[in-house]
4 protein chains.
Amino acid sequence: MDDVVIRVVDKLPTLRDPILVEGLPGVGNVGKLAADYLRDQLKAKPLATIYSRFFPPQVYVNEEGIIRMVSNDLHFYRPSGSKARDVVILGGDYQGISPEGQYEITHRVLEFCRTLGVREVFTLAGFAQGHVVEEPRVLGAATSAERVEAMKKYGVVFSRNDPGGGLIGASGLFLGIGRLFGMEGVCLMGETSGYFVDPRSAQAILKVLVEVLNLQVDFTDLESKAREIDRIAQRIHDVEQHTGEPASAGGSGARDDLGYIG
Amino acid sequence: MDDVVIRVVDKLPTLRDPILVEGLPGVGNVGKLAADYLRDQLKAKPLATIYSRFFPPQVYVNEEGIIRMVSNDLHFYRPSGSKARDVVILGGDYQGISPEGQYEITHRVLEFCRTLGVREVFTLAGFAQGHVVEEPRVLGAATSAERVEAMKKYGVVFSRNDPGGGLIGASGLFLGIGRLFGMEGVCLMGETSGYFVDPRSAQAILKVLVEVLNLQVDFTDLESKAREIDRIAQRIHDVEQHTGEPASAGGSGARDDLGYIG
Amino acid sequence: MDDVVIRVVDKLPTLRDPILVEGLPGVGNVGKLAADYLRDQLKAKPLATIYSRFFPPQVYVNEEGIIRMVSNDLHFYRPSGSKARDVVILGGDYQGISPEGQYEITHRVLEFCRTLGVREVFTLAGFAQGHVVEEPRVLGAATSAERVEAMKKYGVVFSRNDPGGGLIGASGLFLGIGRLFGMEGVCLMGETSGYFVDPRSAQAILKVLVEVLNLQVDFTDLESKAREIDRIAQRIHDVEQHTGEPASAGGSGARDDLGYIG
Amino acid sequence: MDDVVIRVVDKLPTLRDPILVEGLPGVGNVGKLAADYLRDQLKAKPLATIYSRFFPPQVYVNEEGIIRMVSNDLHFYRPSGSKARDVVILGGDYQGISPEGQYEITHRVLEFCRTLGVREVFTLAGFAQGHVVEEPRVLGAATSAERVEAMKKYGVVFSRNDPGGGLIGASGLFLGIGRLFGMEGVCLMGETSGYFVDPRSAQAILKVLVEVLNLQVDFTDLESKAREIDRIAQRIHDVEQHTGEPASAGGSGARDDLGYIG
């Protein structure tokens, strides 16, 4: 079996100077939430499914009892307007589960995307602050000084100290290996606590992204998810205040709910 | 050394639209118990032995002092009747011990089975409920809505919530990778406690399978194994009730016996 | 870099129906002690050095300050007498440090040995009993009933229950993979406590081996090593009896000595 | 993706009998400190960047917000004088993170260096003594007796017992695998406590190296770094004396500073 198997869903579309947007599971699930929301709102079409021996040996079963193997997936969106650029969105169930797997999957996906004409990459991620963040800023990193300057205009913060240890995982590698392919790229990181899934942080980076890419996206559903998380977090806070202990084993089950949202 | 080495025992038989039945070690050893019992009852013939560097580096020594390397094995059975389909049974000592090994072994075995003409796969497994199950149900997962409907007629339960996290290991991968080979498939999961080997659960899934495949199997021996486990479980229960502690270090040795059965 | 690199020391000798004897580090270091002692006593000549990325990334430095990379090594011995068979001895610093590495190294060494004409393998190992063994028996396992019977004549014990879990590591794999190359083989296991290096156990298996292979070996040095271990073990026993605690941190340092012997 | 990707920065220079100097992260960061300092002082020019799937899946972000993937790097220096030999310096962020990765990266870098004409290697490392070392000695290991003798003239100590367990990691492998390429080599190990980064130890080995290679290097900056570490270590010592506990969580933050220096 190939290390990475890319199955094209239909025949390969001819894309117009496409931009790759990556959002895989990670800190606060911020990147995945954002990419999945973008895909759903744009009604992006399935392009290819990616299987790999570097993913867990696992299949999911849906509510009808039908299985699918864990995967990453590419969708594409063609905006109307003759000058608009197409968007390719990468999402999925997992990042590669070993360092070598991360390198290999990223390399293979970028190699495939190059055949689609991709020369520019946006990666989406969360940045764990270790405390609750009311109004998440969007931090940035990029492959060139020009990209840094361009992103500052959209309010992206390039902090001297953050992220101190650099970027670990797909959001970093897609930029790093992308450079080996001659691609330029930007990583957008939404501040988040790091303790639970964070649709508000996802919303923050997505708002920047849609402005940069000149896309139309309705944020109602994502805002509503964010409020749901707020309510649950508040409940946990209340229970813990009241009992003086973590709510995990408590009657409310609120903490458990957090894992299921998003 | 190849990652996976498949040694054909004799010359390859020409099979009639064969169905692959997989049953490897796992939860409650349910899948393996069922596949081994089916093989023995059908007096299926050895077809191929599978070695892999993804198995533990181990040989077994039998009572005569003769070694054999750990392996998986394929046997085949030709039912009488001109319209009957042949059955290929996969069993063995281990699943691959790394995620990559699981993918690779599954892929190579399916590739080999495709050359035998296999287009349909049944995988057998246990489903851990975490408590003793008196009358194990048979839960299902499948590759298509048609298979789901077909299986419901045999009493297979497709539960909205189980298995929640999907299927891990060979029983899932043989369906997932099977789809990449264009094969259809069904996973039959016998409910089990998850605490010891469970011939009763094996019996439950096997009864469904033989009905689906229209095979004749005598369940006397498996029922007798199931009763033996019942007796041992009862003894452990009694000892623990009496002493107020786990029986593991007790004089009866009953708990130890559980591991050796099946 | 190749997974396994085999460097022939000189030009390849033409060997007379050679027998491979394997003794690598393992339980009680019994196999390695025996193989190294045999090599030294026979003044066997260097044949090839084996490097592998499956060994630890390590070099040793000798007393003169000169380095050598960790390796396995093949030596060969030509007995006098026109009908005698040559002996190839495999020893070394480590077994492969991953399961896959164990398979690969074994496979590559056997492949190389086949080109030398090897059709028969003896593997040497310790068998941990978990308690001190005054007069270690030699347990056996073999690739065929004929070998089992032949070995019984030399006092080798084929026990119905030992080794229960089979053989793990090189001593098992050299027989198991050897069979894939059509080689016959025997594993000789010396009983040992499993707590420290055991030259007495090594002596026991070597005495069988030299009789089987019709070699002349003086056991004086090995016996003297065995007595040294006996003395140290006795000292530890005395200290522990006296103080009521393990001697490891004691003033005698006796327990530490054990690791350095052999 | 290749296991190891070597990107030549410009076109390959033609080098004059070049010597490779390796200094990667390790004990006390001694080797890396020395190699980086040498590179900076000599104003060595970038030659090639080395990426590998055996490094962590990580990118760094600099103060301007621009990313670079973790790597090793080769620089070269051409001394003036028609008879002088060129120097190639290997430094970087990480050693390979698995044993196999260490072997593979070392092999590939040496293979590349051979095409540059490298026939001689110096590896730089720290040797952990477990206690503070006021005047670090330089210990040595080499590929031949001639090199050992040659190094003794420069005050390098070849100790009968150190390093007892040999050399682990790049500094050992570059010599060991270097021999497979027919290269000669020397490892210079600076004594260090092993508890923090140690510019003084780096200075000790570098002073030997520049004398051997007949290079001109100003040690002012390295000496100043060493004094800074001395001051911090003294502060930690004082705090711990005073409070009777480790200073790690103390108000001074001195212990934290140690990690950032160098």
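User: Two strands count as paired if DSSP finds at least two bridges between them, so in this predicted model, which strand of chain D is joined to E4(C) by two bridges?

Analyst: The partner strand covers residues 167-168 of chain D, and it runs antiparallel to E4(C). Two bridges join them, and at least two are needed, so the strands count as paired. The partner of E4(C) is therefore strand E10 of chain D.

User: Which residue of E10(D) is the bridge partner of C:Val59?

Analyst: Strand E4 of chain C spans residues 58-61, and this strand is joined to E10(D) by two bridges. In E10(D), the residue that partners C:Val59 is D:Leu167.

User: Which element gives the largest share of the side of chain C that touches chain D?

Analyst: In this contact, 17 residues of chain C meet 25 residues of chain D. Two elements of chain C give two or more residues to that side, namely strand E4 (58-61) and strand E5 (67-69). By class, the side of chain C divides into 12 nonpolar, two polar and three charged residues. The largest share, four residues, comes from E4(C).

User: Turning to chains A and B, how many nonpolar residues has the side of chain A that touches chain B?

Analyst: The contact takes 26 residues from chain B and 17 residues from chain A. Strands E4 (58-61) and E5 (67-69) of chain A each supply at least two residues of the side that touches chain B, and E4(A) gives the largest share, with four. Besides two polar and three charged residues, the number of nonpolar residues on that side is 12.

User: Which residue in E10(B) is the bridge partner of A:Gln58?

Analyst: E4(A) is joined by two bridges to strand E10 of chain B, residues 167-168, and these strands run antiparallel. The partner of A:Gln58 in E10(B) is B:Ile168.

User: How are helices H5(D) and H6(D) oriented to each other, roughly parallel or roughly antiparallel?

Analyst: The axes of H5 (residues 199-213) and H6 (residues 220-243) of chain D come within 8 Å and cross at roughly 150 degrees. Among the residues that meet are D:Pro199 and D:Ala202 in H5(D), and D:Leu222 and D:Ile229 in H6(D); by class, the contact has five nonpolar, one polar and three charged residues. Angles over 145 degrees count as roughly antiparallel, and the two helices are therefore roughly antiparallel.

User: What kind of axis relates chain C to chain D?

Analyst: A rotation of 90 degrees, with 0.0 Å of shift along its axis, superposes chain C on chain D with an RMSD of 0.1 Å. That relation is the one given by a four-fold axis.

Definitions and conventions:
Residues numbered from 1 in each chain as written. Chains lettered and ligands numbered in written order. Predicted model: local features only at pLDDT ≥ 70, side-chain atom pairs only at ≥ 80, totals over all residues. Least-squares fit on C-alpha atoms with pLDDT ≥ 70 in both. Axes fitted to C-alpha atoms, helices over the stretch in contact; angles between N-to-C directions. Parallel < 35°, antiparallel > 145°, perpendicular 65-115°, else oblique. Contact = placed C-beta atoms within 7 Å. Nonpolar A, V, L, I, M, F, W, Y, C, P; charged D, E, K, R; others polar.
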